[in-house]
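Walk through this model with the sheet in view, then turn to its aromatic rings.

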Amino acid sequence: MRILLVEDESKISNFVAGGLKAEQFAVDTAQDGQIALELATTYQYDLIILDLMLPKISGTEVLCKLRENKSFVPILVLTARDSIADKVKNLDKGADDYLTKPFVFAELLSRVKALLRRSSINHTNTLKIGELEMDQLSQQVRRSGKKIELTAKEYALLQFMMSNPGRVLSRAMIVDHVWDQSFDGATNIVDVYVRYLRNKIDGQYERKLIHTVRGFGYLISDEEEE
């Protein structure tokens, strides 16, 4: 899953980003509100952690603009502003949760996971392509009832593909969603991970689910290739 962390204090940003990456999240960072808006409207995020006191555009403005643009991404406000008035104001503007500084990372992580679970429930807990099933709450993947062990990146790639069934996903699109903005490798890393997935998902089955669309990218579908 991919998270946008909007925080202008580098010490806090590095601390939070490092902790989230250790939990296998892909994390993009923004140091001001303008960059945050550009990233949030360009890429697809599963959650945004948002400071309020930001250069250029305030966190509250970022929150308002995203909600005005009908963005329903979960937003966790992380700020030193601890007044009831600030909490009420930003929750009313569309924030999903509010955590004040100083904070304990364990609590932040717990809230992040709770928001992601809630978002998953609001959409669907289980993704299914043919006999392949992914439980997004337990993060377990099974095909024909048999459990498939995946690495964090393999899981993120499969989740992105299963969330877009039948849709051709280019290598650039996959890199944008599965890897964070600090990733500067070539997009052929996607081919490597698709091969890993194929070995685990399709290897022992006659009916293949992961398909290559030459010149474009990959898709997952229960329909046979023409």
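What follows covers a sheet, a helix across it, and aromatic contacts.

This is a predicted model, where local features need pLDDT of at least 70, side-chain atom pairs count only at pLDDT 80 or more, and totals for chains, interfaces and linings use all residues. Residues are numbered from 1 along each chain as its sequence is written, and side-chain values use heavy atoms, without hydrogens and water.

Start with the sheet. Four strands form an open, antiparallel sheet in the order β6-β7-β8-β9. Strands (E, at least two residues) and helices (H or I, at least four) are DSSP runs, numbered from the N terminus. Two strands pair if DSSP finds at least two bridges between them. Strands β7 (residues 132-135) and β8 (residues 140-143) pair over four bridges.

Now the rings. The whole structure holds four aromatic pairs. Rings of Phe, Tyr and Trp (its six-membered ring) pair with centres within 6.5 Å; planes under 30 degrees apart are stacked, over 60 edge-to-face, the rest tilted. Tyr43 and Tyr45 have centres 6.5 Å apart and planes at 75 degrees, so the pair is edge-to-face. Tyr193 and Tyr196 are also edge-to-face, at 5.3 Å and 75 degrees. They lie three residues apart in helix α8 (residues 188-201), about one helical turn. Ring pairs link Phe15, Phe103 and Phe105 into a cluster.
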